[in-house]
Amino acid sequence: MTKTERSHSAISKLLAVDTSTRVLTVAISDEGRIAAERRSETERNHSIKLLPEIDDMLREAGMTPADLDAVAVGTGPGSYTGVRIAVTVAKTFAWALGIPVVGVSGLEALALGDAHTLEMGAKPPAEAVWYVPLLDARRKQAYCAVYESGPAGWREVAGDGIRVVTDLLGELEAVLLDADA
């Protein structure tokens, strides 16, 4: 069985990369625990720093690229060039190693991180809780999405998008009214 044919539950060593914002983020997880991670603000230098950071982290974690089971890549929203850099590196690793690559919304990752932190150890919420991650998109705009955690699990309420900040509250109200209908 090739690595690509394995089920998602067999993924134990994961490389995660995100260069969609001015913050370059790279991590390696092993059995669900962070084995190595890097975060640096290197706007306009992601293409120069990404591969050396991955190489350093693999050494730090005592791994080689061949040990990886999958690659996760940030798909934005954010800088188009930044997304292209991370996706190119992720797809190259996946192709060369015969492992799967999965795209991850940066906004959903933020929302899930907050949900995990706030709900850790607690029983599932009895009522739906919304998570609304925002990233500055400049020019009085924000990258935004709405996710819900509740008795039925996790779901996307409003997908990733760029929104004018002054219009955002009205849009959220409309989504809320739609959800109640």
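Which residues are exposed on the other side of α2?

First, what are we looking at? This is a predicted model, where local features need pLDDT of at least 70, side-chain atom pairs count only at pLDDT 80 or more, and totals for chains, interfaces and linings use all residues. Residues are numbered from 1 along each chain as its sequence is written, and side-chain values use heavy atoms, with hydrogens and water left out.

Let's start with the overall picture. The protein has four helices and nine strands. Helices (H or I, at least four residues) and strands (E, at least two) are DSSP runs, numbered from the N terminus. Along the sequence they come in the pattern β-β-β-α-β-α-β-α-β-β-β-β-α. The C-alpha trace spans about 50 × 40 × 25 Å along its principal axes. Of the 181 residues, 35% are buried. Buried means under 20% relative accessible area, exposed means over 50%, and partly exposed is in between, with a 1.4 Å probe and protein chains only.

Now to helix α2, residues 80-97. Its 18 residues reach 26 Å from the first C-alpha to the last, close to the 26 Å expected at 1.5 Å a residue. That expected span is 1.5 Å times one less than the number of residues. Gly82, Val83, Ile85, Ala86, Val89, Ala90, Phe93 and Ala94 are buried in α2. They cover an arc of only 165 degrees around the axis, which puts them on the same side of α2. The arc is that of the directions from the helix axis to the C-beta atoms. And here is the reply to my opening question: Tyr80, Lys91, Trp95 and Ala96 are exposed on the other side of α2.

What do the buried residues of α2 pack against? Their partners are β1 (13-18), α1 (46-60), β4 (70-74) and β5 (101-104). Contact here means heavy atoms within 4.5 Å. Have a look at the helix ends, too. Serine 79 caps the N-terminal end of α2, with a side-chain oxygen 3.4 Å from the backbone nitrogen of threonine 81. For a polar contact, we want a pair of N or O atoms within 3.5 Å; within protein, one must be able to donate a hydrogen and the other to accept it, and residues adjacent in sequence count only if both atoms are side-chain atoms. After α2 comes glycine 98, with a positive phi near 70 degrees.

Helix α1 can be read in a similar way. In α1, His46, Leu50, Glu53, Ile54, Met57 and Leu58 are the buried residues. They cover an arc of only 130 degrees around the axis, so they sit on the same side of α1. Ile48 and Arg59 are exposed on the other side of α1. The cover over the buried residues of α1 includes β1, β2, β3 and α2.

Five strands form an open sheet in the order β3-β2-β1-β4-β5, with mixed pairing. Two strands pair if DSSP finds at least two bridges between them. The edge strands are β3 (33-41) and β5, each pairing on one side only. β4 and β5 run parallel and are joined by four bridges, and alanine 72 stands opposite valine 102 in β5. α1 packs on this sheet, touching β1, β2 (23-30) and β3, and its direction makes about 25 degrees with that of β2. Axes are lines fitted to C-alpha atoms, for helices over the stretch in contact, and angles run from 0 to 180 degrees between N-to-C directions.

One last stop: strand β8. Nine of the ten residues of β8 are buried, so the strand is largely enclosed by the rest of the structure. What are its partners? Strand β6 (residues 129-131) pairs with β8 in the antiparallel sense over three bridges. Strand β7 (residues 134-138) also runs antiparallel to β8, with four bridges. β7 and β8 form a hairpin with two residues between them, and arginine 139 in the turn has a positive phi of about 55 degrees. Then β8 and strand β9 (residues 153-164) pair in the antiparallel sense over nine bridges, and a hairpin joins these two through two residues.
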